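Trainee: Can you walk me through this one? I'd like to start with the strands.

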Amino acid sequence: MTFEETVRYRRSVRMYDPEKPIDTAKVKHCLELASLAPNSSNMQLWEFYHVTSPDTLKAVSRACLNQNSTETAAEIVVFVTRQDLYRQRSRAMLAYELAAIEKYTPEDRKAARIKNRKQYYGFLMPFIYTRFFGLPGLIRQCIATTVGLFRPITRQVCESDMNAVVHKSCALAAQTFMLAMAAEGYDTCPLEGFDSRLLKKILGLPAGAGINMVIPCGIRKPEGVRDVQIRVPFEEVYFQI
Ligand SMILES: Cc1cc2nc3c(=O)[nH]c(=O)nc-3n(C[C@H](O)[C@H](O)[C@H](O)COP(=O)(O)O)c2cc1C
């Protein structure tokens, strides 16, 4: 399939064919491709839970309100945000960046690059992701508003903004996954109709984790897809300026 064919093939499929199995290894590979999605500051505050065991599939489907798509799915992937891992990830990213600088950066530019990365992952990232009942977010907003009087600055820095940041990145991984699956001839359906508390319990996730999307997977039954892909007229959403 060309890229356009893949994009057009992907549809939200609500009913999968039990006679047509899918290859777990291929789904896993699609998740590896999903991990190449762009993400904010390369913090990768996401996790992918690939559910294949019948008992867990049943439990996850119940947490998804027994929607047709989860009831008939061969496998299910849960995209999870892990904002709570920000310290761990910023430490890891700093170590990877320093190793890359050592290997690829010309000697005369090394010191400046190391300083920049240490400031970014050693200070800025922990500062921007810290949460404590909204207070750090308020402080960040005050700083951004003050600096913003003099120059352009990122203003989306309060705690709910940072929650949106991790969900945005995770959703890009989810979309990359769905396109990779479509390229394999596999079907998916992104879901946000779920009981997140119950899902977190089933997956054994801590309070700081969030459920971004649940994606049932399988091979479509013809009646599992709406025949036309309805969208508002493109002219209503496209603005060339
Ligand atoms: C974030 C998100 C949440 C969604 N939640 C559900 C859901 O809970 N149940 C469902 O059947 N479809 C869900 N959908 C699928 C949309 O209804 C679907 O993408 C839309 O109708 C367009 O259809 P298409 O994907 O076939 O183009 C969701 C889609 C997205 C992106």
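Mentor: Ground rule for pairing: two strands pair if DSSP finds at least two bridges between them. Helices (H or I, at least four residues) and strands (E, at least two) are DSSP runs, numbered from the N terminus. This is a predicted model, so local features need pLDDT of at least 70, side-chain atom pairs count only at pLDDT 80 or more, and totals for chains, interfaces and linings use all residues. Residues are numbered from 1 along each chain as its sequence is written, and side-chain values use heavy atoms, with hydrogens and water left out.

Trainee: OK. How many bridges join E1 to E2?

Mentor: Six, between strand E1 (residues 46-51) and E2, and the two run antiparallel. One of the contacts pairs His50 with Val77 in E2.

Trainee: And what about E2 to E4?

Mentor: Seven bridges join E2 to strand E4 (residues 210-218), again antiparallel. There, Ile76 has Pro216 as its bridge partner.

Trainee: Is E2 buried or exposed?

Mentor: Seven of the seven residues of E2 are buried, so the strand is largely enclosed by the rest of the structure. Buried means under 20% relative accessible area, exposed over 50%, partly exposed in between (1.4 Å probe, protein chains only). Both faces are covered: Glu75, Val77, Phe79 and Thr81 on one side, Ile76, Val78 and Val80 on the other.

Trainee: Switching to rings. How many aromatic pairs are there?

Mentor: Eight in the whole structure. Rings of Phe, Tyr and Trp (its six-membered ring) pair if their centres lie within 6.5 Å; planes under 30 degrees apart count as stacked, over 60 as edge-to-face and the rest as tilted. Phe79 and Phe177 make a tilted pair, 5.6 Å centre to centre with 50 degrees between the planes.

Trainee: Where do those two sit in the chain?

Mentor: Phe79 is in strand E2 (residues 75-81) and Phe177 in helix H8 (residues 159-183), 98 residues apart. Both Phe79 and Phe177 are buried. Ring pairs also link them with Trp46 and Phe48 into a cluster.

Trainee: What about Phe123 and Phe127?

Mentor: That pair is stacked, at 5.7 Å and 10 degrees. They are four residues apart in helix H6 (residues 107-129), so about one helical turn separates them. Phe123 is exposed at 54%, while Phe127 is partly exposed at 29%.

Trainee: Now charges. How many salt bridges?

Mentor: The count is 10. The rule is a side-chain nitrogen of Lys or Arg within 4 Å of a carboxyl oxygen of Asp or Glu. Glu97 and Arg117 form one of them, at 3.5 Å N to O. It links helix H5 (residues 86-104) to helix H6 across 20 residues. Glu97 and Arg117 are both buried.

Trainee: Which ring does Arg117 lie over?

Mentor: Tyr120, at 4.8 Å from the ring centre. A charge sits over a ring if NZ of Lys or CZ of Arg is within 6 Å of the ring centre and within 35 degrees of the ring normal. Arg220 lies over the face of Tyr9, at 4.1 Å.

Trainee: Which residues form a salt-bridge network?

Mentor: Glu47, Arg82 and Asp84.
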